[in-house]
Amino acid sequence: MLNEVESAEVSNGDEEAQMISVSEEPPITAGDEVIQALREGVRLLPPQAVKDLLSIGVCVQCIFRLFGVHGHNYSCFSILQSNLYAVLGELIYLDKQILDNTSPKEYSIRHSSKDSEIEPPICSICLGILQFFYYDDKEQPVRKNCPHDLAASISEVVKTEGHQIDNFSFEVSIPPIIVENEQAVRYVKFYLKSVPPIIVENEQAVRFYMESKYGSEPWFHNTFRPECISVKDALKLYVVTPLAMSLDIQSSPSSFHVRLTYSHAKASSRTNFSEGIQDSKRRKAGEKMCSDTKKSLHGLLEDESSECCKLPLEKVSQPCSLSITCYRKPIYIGGRYLKYSRNVSQTRWIIDDERMGEASVEEIIGGTIRPMCRGDNYKFHAAGREDIDVRMLGSGRPFLVEVQNARIVPSEVAINDIEEKINNCKKVLLSSMVRVKSLKVVGTHGWALMREGEMEKQKQYAAIVWISRPLEDEDLQNICALKEMKISQKTPIRVLHRRSPLEREKIIHWMKIERLAESSQYFLLHLCTQAGTYIKEFVHGDLGRTYPNIGSILGCMAEILQLDVTDVKMDGFNTD
């Protein structure tokens, strides 16, 4: 004999929706405060509407979403799928609305037993995402009992990757088809006056069906709201807390990200609609739809025979595929490098499968930093560059090594070890070619400083110059007297094959000449210039493409024999 149930008052006109009070509650196996609190919230749901949603393939979690039931449902990670079905089963049981002609006791047993071989169907809205049912990377079906189980799988991936982390950010990417379905539910009515119609498949059909059947009920517009929580946000609420507990860290804005990427075979055919959704999101609030669009939407709402409103919904035969990844945003390790060799390029230089030079600054520095950070890869960035035959002396050239997906963010002690390893490489030849100083971990602001300072910095050089006549004392005075001299430089002939043919104005801030002993036609030219000045061309004139130049100033031929960069002045990358 069924337990006695006191029937609630039945609504008519503007009266309250049907409510249920219980004189004797059927037992639910969970039996804790969370389930009790959830039961209290579910009692307020309209039983017949819940029954209808279940019958057309909507999962329990999506029903809760659509009706705005949340709180303990999301915060308690120990709630099993079977418990959720039991709570809704109780609601239907109390209202004597049993699915599939199943007895109340059979319904409770079928959905509350963890060992039951009968699994609930894949949700026609979330495609199994909120049921924690998915295909893994081996295309094998996986069904988790609760968010805690899914969090445990995610935690295992994170720990296997070996990341050193203090907190994490959680991301979810879902197939366009789910976005489409949800947006239809949320926007078709709520944003009717401000966005284009979004009329597609499952959730749209659910919304239209529910509105056509229950739209006149007082509860409909109060509880079945279009601005319900999304599948993506609901999954985050389910998983983040147990994941944080499993990893023993907090979830907060972080450079370390845990990402769940769901994909589905149906998603590929929804590209056009997805673009429409994005367009609707970009519309300004209050922007009105064109009259034709409104008429089309209203026509679909009123046309009960519309193809997109047909029920039952198409049965979902397979869940989404899930890829679990974790990664750290790039970290930047900056400092200054010195290059003592005239046969080392700044970056790896290969021509026709043949290496140019003995090594590169990029490989010596980045090749040491990456493995010590356990990164996947690295990129080398520098404030300008010197030719392979030019040494970088003095204070050194500012650089950044961008380490991608570093498992370890090096401490100050580790940074000192990296610097020591580069400067005292076991390969003695390499340690005599390149050294680093002032190495440290910098934030993304270091990248901004690098780009900003690249064109604003000043650079100092020392060049050995030959001229076609003996150097005179008057030449020294004339050169030293030139301050903030503007020159015009066309793209040098030697780089014209890979640079745009432009004409640039540059500034020579100051110059001075140092005589070399026992030589009247050779001297050491010291100069400070604006960033981007071609020094070799400033000396010999590049067949008149740089003017004025040292040759034109001294009234003779001039050639540069050797060049060194002696200082790169750049704020934010000062040496200690």
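Reply: Gladly. Start with burial: of the 576 residues in the protein chain, 49% are buried. The model is a predicted one. The chain holds 20 helices and 22 strands.

Me: What share of the contacts between residues at least 6 apart in sequence join residues at least 24 apart?

Reply: The share is 75% in the protein chain.

Me: Why is I508 called buried?

Reply: Buried means under 20% relative accessible area. I508 has a relative accessible area of 1%. That value falls under the cut-off, so I508 counts as buried.

Me: Where is I508 found, and which residues does I508 touch?

Reply: I508 is found in strand β19. Leaving out residues up to four places away in sequence, I508 touches K483, E484, M485, I487, C528, T529, T533 and F538. There is also a pair to look at in space. I508 and Q530 are 22 residues apart in sequence, and their C-alpha atoms are 6.4 Å apart.

Me: How do you know that β18 and β19 pair?

Reply: Two strands pair if there are at least two bridges between them. Six bridges join β18 (residues 485–490) to β19 (residues 503–515). Six meets the cut-off, so the two strands pair. They run antiparallel. M485 has I508 as its bridge partner in β19.

Me: What makes β18 and β21 a pair?

Reply: The cut-off is at least two bridges. β18 and β21 (residues 546–547) have two bridges, in the antiparallel sense. Two is enough, so they count as a pair. Q489 stands opposite T546 in β21.

Me: Why is S360 called buried?

Reply: The cut-off is under 20%. S360 has 0% relative accessibility, so S360 counts as buried. S360 lies in strand β13 (residues 359–360). Setting aside neighbours within four places in sequence, S360 is in contact with V344, S345, Q346, T347, R348 and R355.

Me: What makes β5 and β7 a pair?

Reply: Pairing needs at least two bridges. Five bridges join β5 (residues 167–173) to β7 (residues 256–263), so the two strands pair. They run parallel. V172 stands opposite L260 in β7.

Me: How do you know that β7 and β8 pair?

Reply: Again, at least two bridges are needed. Eight bridges join β7 to β8 (residues 321–328), so these strands pair. They run antiparallel. S263 has S321 as its bridge partner in β8.

Me: Which residues of α14 and α15 meet?

Reply: I364, I365, T368, I369 and M372 in α14 meet D417, I418, K421 and I422 in α15. By class, this contact has six nonpolar, one polar and two charged residues.

Me: What makes α2 oblique to α3?

Reply: α2 (residues 47–55) and α3 (residues 60–67) pack at about 135°, with axes 10 Å apart. That angle lies between 115 and 145, so α2 is oblique to α3. The crossing is right-handed. A49, V50, L53 and L54 of α2 make the contact with V60, I63 and F67 of α3. The contact has seven nonpolar, no polar and no charged residues.

Me: Why are α7 and α11 called oblique?

Reply: The axes of α7 (residues 147–161) and α11 (residues 231–247) cross at roughly 55° and come within 8 Å. Roughly parallel means under 35 degrees, and roughly perpendicular starts at 65. The angle falls between these limits, so α7 and α11 are oblique to each other. α7 passes α11 in a right-handed crossing.

Technical notes. Residues are numbered from 1 along each chain as its sequence is written. This is a predicted model: local features need pLDDT of at least 70, side-chain atom pairs count only at pLDDT 80 or more; totals for chains, interfaces and linings use all residues. Side-chain values use heavy atoms; hydrogens and water are left out. Helices (H or I, at least four residues) and strands (E, at least two) are DSSP runs, numbered from the N terminus. Buried means under 20% relative accessible area, exposed over 50%, partly exposed in between (1.4 Å probe, protein chains only). Contact means heavy atoms within 4.5 Å. Ala, Val, Leu, Ile, Met, Phe, Trp, Tyr, Cys and Pro count as nonpolar, Asp, Glu, Lys and Arg as charged, and the others, Gly among them, as polar. Axes are lines fitted to C-alpha atoms, for helices over the stretch in contact, and angles run from 0 to 180 degrees between N-to-C directions. A crossing is left-handed if the near helix is turned anticlockwise from the far one by less than a right angle, and right-handed if clockwise.
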